[in-house]
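Open the structure in your viewer and keep the selection tool at hand. The stops below say what to select and what is there.

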Amino acid sequence: MLALLPQLLLTGLTIGSIYALVAIGFVIIYNITGILNFAQGEFAMAGAMICAALLGAHVPLVPAAAVAVAGTCLLGALMERLSIEPAFGSQPLTLIIITFGVSMAFRGIALMLWGADPYSLPEFTPGDPLTVLTGVLGRQAMWAIGLSIVVVGALFAFFARTLPGAAVRACADNALASRLVGISPRRMALFAFTVAAGVGAVGGIVIAPITGATYDMGLGLGLKGFVAAVIGGLTNAPAAVLGGYVVGMIESLVTGYLAPGYGSAITFALLLLVLSLQREGLLQTARRRQV
Amino acid sequence: MNREFAGLALLAAALAAVPALAPSAYVMALFNLIGIYAIVTLGLVLLGTSGQVSLGQAAFYGLGAYASALLARNLGWSPWLSMPSAVALVAVVAYGVGLPALRLADVFFVLATLGVGIIVNVLMVQLDPLTGGASGLRDIPGLVVAGRRLTTDRDYYYVVWGAVLAALLLARNLSGHRAGRALRAILGSEVGAAALGIDVERYKMRVFVLSAAYAGAAGALYAHYIRFISPSPFALYASLFFLIMAVVGGLTNVWGGLFGAAAVTLLDQVVRAEMPRIFPRVGGEYQTAIYGIVLVLIMIFFPSGIVRGGLDLRRLVARVPHAAGSGGPADAESAGGARA
């Protein structure tokens, strides 16, 4: 039993790093716009599928991945302009339902474009896996964990060290006041969706060589990423990343030790637990948003 | 109130005429489906009257179906006993879910119901010995009325639409009376309603349990009508589907719920028939693209539903000059309101 543990933890760490990337997207958008974006997982799907389609057309990996991330950023921006911006000022619930609608649309369109069969992506750097204790860590898993850390670090540097980053933080802190000093909340919302889409796309592309890329991979990734973000308190990016690892580990341990197939049920039971424990805390933190 | 009863009587008369006018099995089956969905949607509309939305209705719908099917099939209960028992069970489960979930702020309540929906669906697949797993349950007993076994779609038509009319009547009575006024007050302002002496928590719980019971009843009917159930019609996708039906009708309008169920079911039939001609090589749930876009458009342009959408359309037309000058003073004001 115990011999399995290192392997399960490494698997959890790998899948958790992708949940973390999706969760960061949730947090960025929630902080800046107050919207829970349930199309977040579809960004990961779009990144993976565009990349797979380009590889299928014999484009080398690096330009294919770059185009996939850029294309997904564009999708995020389009989503904001076409579905969120026209409903600006609506109830939070209306906006959430809109994001569910967008995620259904993305999924359906991906099915029309690419069909239901899974696409496989090659590993970024094929080679022998690394052995940690008794567990095996594949090269691609190292890419997943490493890239998630790099992306999180880059976002931190951006928010903490640059002027545009400060503008985003100002907008998250107090939209009215930031408008008075010339920061447009609407432009910030566009920015939030663009960046969140790009982060999601990176997650999708890096996990696709391990799990394959399918038109419906976004639903599960989005919901797990959301649970991770809620565990982290929804407003706190580092906590959301941690939440991503927690969800990944729990899922991996439940699948390995208890019962395969119950992984997502346990994850959502955890969501209900966190929601009911934090019922006051969540409201409190929702008022004090910060990047 | 008289107009309401006239409307109900007219609906009942029109429904009674349908089997004579269009007796084909296809039309009857279509109406039965609309009727079953309408009951779930009416539950969502009742919930919407108090300003709440659930993304877990498919779970209650599925629980009703599985509970009634198992009681009738494995324990040999009469469906007329197993169906109310299943509804009671669903109500108890909803109460258990509501205890923690209803304390959450509106958005987080939706997410809690979403979580419940996913957990229930996983259990349907995983509790294989009980539920038959992904392949589902076969040979569910059908209904027997006055010693006669119901077999055709037309037989079930009368049962399903009798249930829809009863559900409609109950929903109408509820929203026309004290409880309905209390729920609308809660929709307006929870704090305001509490200040008027309305027990907000109790009303929210009651309407949540009732909406789950509606879904459970529809599920039980579905199980004994189709006589085969599997987890897939009760997944998250179905909850979104029910939500679309409710928002098409306006989310707080009982008649709108009926309209929404009919409109979306018919749209679904058209899409399923026409889409393969446009995209011949694609199978599966491609129609979600269209529903997603429909959902987004309704939420943007007709947030109070298509039934009352005429009003909104006028507002929309009136708003066009503002929209052209994006960033003008009117825009700035609405943006400020959104952030408050």
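Begin with chain A as a whole: of its contacts with a separation of 6 or more, 77% are between residues 24 or more positions apart. Two residues are in contact if their C-beta atoms, placed from the backbone, lie within 7 Å. This is a predicted model, in which local features need pLDDT of at least 70 and side-chain atom pairs count only at pLDDT 80 or more, while totals for chains, interfaces and linings use all residues. Residues are numbered from 1 along each chain as its sequence is written, and chains are lettered from A and ligands numbered from 1 in the order in which they are written.

Stay with chain A and colour it by secondary structure. Chain A has twelve helices and two strands, in the order α-α-α-α-β-β-α-α-α-α-α-α-α-α along the sequence. Helices (H or I, at least four residues) and strands (E, at least two) are DSSP runs, numbered from the N terminus. The C-alpha trace of chain A spans about 55 × 45 × 35 Å along its principal axes. Of the 291 residues in chain A, 53% are buried; that is, 20 or more other C-beta atoms lie within 10 Å of the residue's own, with C-beta atoms placed from the backbone.

Next, select residues 5-33 and 217-231 of chain A. These are helices α1 and α9, which pack at an angle of about 70° with their axes 7 Å apart. Axes are lines fitted to C-alpha atoms, for helices over the stretch in contact, and angles run from 0 to 180 degrees between N-to-C directions. α1(A) and α9(A) are therefore roughly perpendicular to each other (65 to 115 degrees). Residues at this contact include A23(A) and F26(A) in α1(A), and G225(A) and F226(A) in α9(A).

Now select C51(A). Beyond its neighbours within four places in sequence, C51(A) is in contact with A64(A), A65(A), A68(A), L121(A), I205(A) and A208(A). C51(A) is also among the residues with the most contacts inside the largest nonpolar core, which has 214 residues; the others are A23(A), I24(A), I39(B) and I244(B). Such a core is a set of buried Ala, Val, Leu, Ile, Met, Phe, Trp, Tyr and Cys residues joined through C-beta atoms within 7 Å. α1(A) gives the largest share of this core, 17 residues.

Finally, show chain B. Here 44 residues of chain B are in contact with 44 residues of chain A. On the chain B side, select residues 106-126, which form α5; α5(B) gives the most to that side, with 13 residues.

Technical notes:
Parallel < 35°, antiparallel > 145°, perpendicular 65-115°, else oblique. Buried ≥ 20, exposed ≤ 12 C-beta atoms within 10 Å, placed from the backbone.
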